[in-house]
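Let's take a friendly walk through a protein and the two small molecules that sit with it. Have a look at the sequence and structure first, then read on.

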Amino acid sequence: MRIVCIGGGPAGLYFALLMKKQNPAHEISVVERNRPYDTFGWGVVFSDATMEAMRAWDPESAAEIEDAFNHWDDIEVWFKGTRQRTSGHGFVGIGRKKLLNILQRRCEALGVELVFETEVASDLDYPDADLVIASDGFNSKIRNRYHEVFEPDLVTRPNRYIWLGTNKLYDAFTFDFRKTDHGWFQAHIYKFDDKTSTFIVETTEDAYEKHGLGQMDQQGSIDFCQDLFSEVLDGAKLMTNARHLRGSAWLNFNRLICGKWSHFNGHSHVVLMGDAAHTAHFAIGSGTKLAIDDAIELTNQFNRHGHAKEQIPAVLEDYEEIRRVDVARIQNAARNAMEWFEVVGRRYADTLPPEQFMYSMLTRSQRISHENLRLRDKAWLEGYERWFASQAGVEPSADGRVPPPMFTPYTMRGVTLKNRIVMSPMAMYSAKDGVLDDFHLVHLGARALGGAALVFGEMTCVSPDARITPGCLGLWNEKQAEGWKRFVDFVHGNSTAKVGIQLGHAGRKGATKLAWEGIDQPLQTGDWPLISASALPYLKNSQVPKAMDRADMDRVKADFVRATELAVTTGADWLELHCAHGYLLSSFLSPLTNRRTDEYGGSHENRARYPLGIFNAIRAVWPKDKPISVRLSCHDWFEGGNTPDDAAIFAQMFKDAGADMIDCSSGQVWKEEKPVYGRLFQTPFSDKIRNEVGIPTIAVGAISEADHANSVIAAGRADLCAVARPHLADPAWVLHEAARIGLTDVAWPKQYYSGKQQYETNLARAAAAK
Ligand SMILES: Cc1cc2nc3c(=O)[nH]c(=O)nc-3n(C[C@H](O)[C@H](O)[C@H](O)COP(=O)(O)OP(=O)(O)OC[C@H]3O[C@@H](n4cnc5c(N)ncnc54)[C@H](O)[C@@H]3O)c2cc1C
Ligand SMILES: Cc1cc2nc3c(=O)[nH]c(=O)nc-3n(C[C@H](O)[C@H](O)[C@H](O)COP(=O)(O)O)c2cc1C
């Protein structure tokens, strides 16, 4: 085959050498516009997994690369006058120039033709090529030529960064955060050879503008950074090697992914590789890794299908399919890490204490968890756990141990929860006339015995016509209050758990069948008239609700007050106002469901007016020493709906009204929603609201292990974690998770002690057998 790689970066060079090695009969050229052994860029970092693959595919170049590696284990954070360090993180760095030189030499040794100082205008310049590799980097001319085929999806990120170097050598991956009059700047610093360290400085567009960095030449920017980071530089100078960039050299990161990666141009198959196909933010340093992994996978597919030109279409198809998955995974992790640095100033730097700031930074990609940190640096993590426990008022035991974050107590008003786990409200559709009876007593009682600190009953409806289904719990009469009291007395008498009641009104999502008879489907018989913010049905076949008028609003408010007064008589510890999931109060908050033109529609203030009115009314009758949380849908997951920014505005309003916590859920507002699910998928909303609005939060959604909860609580992404479905699978989820992480001093109900011992012994045996 005749192969031409346009662009001699890591992708083009590595692919050329691998293919030549697999089949020396291939005629391969790499065409590069720069001079030989001339490149811009400082150091790049690699992962162990990529290095392992490189050793397997080409031990010769891998050995040279490894020889040139700088390895370091530590991360050091400079923040508000503190310097904190942890170990066990394992990075390797190499100068970009050094890496390319090794690859260039290896290409030459294998017989790849290297053509330098040649700017390629088009893939059509090589009509004799069977395969053209577009490895021409992020600004790929080749990709741009076939814009319509490759469908590049480009998102320009808001932060500005400048890629500098210094001759000061750092023995840790160092992060330095500095506050200026116009905002925070951070430096990402790592050594990559025995003379040089990479020094990337990043800030927000706002700080960049206000400091006039856009108007400065490169030397001006260097002087500014040198001055700002003088302490960590300790007299060393900063340098640029991007003199080819005109202007200030501060860049915006562009996240790129393409809809299609290959194209037949009439003569040759053209395929994208490396930065031409996708980018990953430097916050997790994976761009070079992705480029190398692309080269390996394309070669691998030729080995699978055969090194003949007839196989090229099948090879390209499989290459794209496989690489797309890995790239999406890395881009996801990179996105979390990148966003952390984008909001660090307003969200974390001014609010979190240095210890928690460091923990939050280390876990920014959400790929490194609490237990993962323990594996990396046990001593550091245990020190952090002691610090966290002391903040929660927990003294270490005689042997110095403290509970992990999830098992520290939490106090809100007069209520102290023994740990940070809440059983999330879950509708059971099993009540008759809204009464909490034997099913609920056993169901909720078992969860209270199972270790959750706060057990919520399901959404409890404030009137018969506030119900979602005929099987929902209610709180509009004495009998229902007695049912609740029986349960509350059971929990208070037999466990150390607390009880929460979530009050709600179904609004336009009411009068539906029991979940297992057709979720959200309207009742055929026995339904009742619906009300909502606006007269919009939930499904096409749902009843059209009446847009609430003044009288409806007054009646429903009185219903909420009556339900709260009845809740007081039950002795429950905690109240939650359900303003999420498209139910009545949520229908006011979302612009998708609120089309009103009166003072209850339009602006945030107007949309929140009715839910806030309800909140104020129930707060006035609920005991002062007991908390009220508010559940919000923090994202409608639909164009034109509420986003986390809107949720933060509402959270601020509820905070100002005296709400104690925001329970950060999302969705279920609009049927055509497009949620993005995944582990901890709603936790970012909680993180944002807690740390930007400054109100305690409950995180919920796909928190399914102690390790998840510990990571969320420790990082200050939430104060409590609500766990729903795992509690359906396992009433003793909390106790079992404690045992699984080796925590044996969490109390089980005294009646269950012999079960505890056996459970722990079996787990220990299974772990030993592994
Ligand atoms: C600030 C910053 C920090 C980074 N840090 C890291 C890190 O720590 N770790 C990491 O792995 N990655 C890092 N990267 C990313 C990394 O630089 C790229 O992801 C990686 O180099 C991609 O390799 P590539 O071969 O696809 O593209 P490139 O390295 O961009 O190579 C493309 C080549 O094509 C040449 N070229 C372009 N157009 C033409 C043309 N028309 N004719 C001829 N030649 C052409 C260019 O001169 C260049 O040599 C960082 C990037 C930035 C911006
Ligand atoms: C069967 C079931 C019923 C639910 N009912 C309610 C409810 O009454 N009120 C509420 O706010 N959320 C309700 N939810 C949502 C959960 O409280 C929780 O937010 C969601 O399941 C995500 O958490 P998880 O991933 O731990 O399950 C329900 C969820 C399930 C699975």
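An oxygen atom of ligand 2 lies 3.1 Å from a polar side-chain atom of histidine 578. This is a predicted model, in which local features need pLDDT of at least 70 and side-chain atom pairs count only at pLDDT 80 or more, while totals for chains, interfaces and linings use all residues. Residues are numbered from 1 along each chain as its sequence is written, chains are lettered from A and ligands numbered from 1 in the order in which they are written, and side-chain values use heavy atoms, with hydrogens and water left out.

| Residue | Ligand atom | Distance |
|---|---|---|
| Glutamine 502, side-chain N or O | Ligand 2, oxygen | 2.8 Å |
| Arginine 725, polar side-chain atom | Ligand 2, oxygen | 2.6 Å |
| Arginine 96, polar side-chain atom | Ligand 1, oxygen | 2.7 Å |
| Threonine 288, backbone N or O | Ligand 1, oxygen | 2.7 Å |
| Arginine 33, polar backbone atom | Ligand 1, nitrogen | 3.2 Å |

Taken alone, ligand 1 exposes 1,000 Å², and the protein buries 90% of that. These areas come from the Shrake-Rupley method with a 1.4 Å probe. Around ligand 1 there are 31 residues, and Ala11, Glu32, Arg96, Asp275 and Thr288 come nearest; a residue is counted if one of its heavy atoms lies within 4 Å. Which helix gives the most to this shell? That is α10, with 4 residues. Helices are DSSP runs (H or I, at least four residues), numbered from the N terminus.

Ligand 2 is surrounded by 16 residues, with Ser424, Pro425, Ala427, Ala702 and Arg725 the closest.

Now for a single residue. Asparagine 606 belongs to helix α20, residues 604-621. Is asparagine 606 buried or exposed? Asparagine 606 counts as buried because its relative accessibility is 16%, and buried means under 20% relative accessible area (exposed is over 50%, partly exposed in between; 1.4 Å probe, protein chains only). Its side chain reaches the backbone oxygen of glycine 601 at 3.0 Å. Leaving aside neighbours within four places in sequence, asparagine 606 is in contact (heavy atoms within 4.5 Å) with Asp598, Glu599, Tyr600 and Gly601.

Definitions and conventions. Helix = DSSP H or I, 4+ residues; strand = E, 2+ residues; numbered from the N terminus. Polar contact = N/O pair within 3.5 Å; in protein donor to acceptor, adjacent residues only side chain to side chain.
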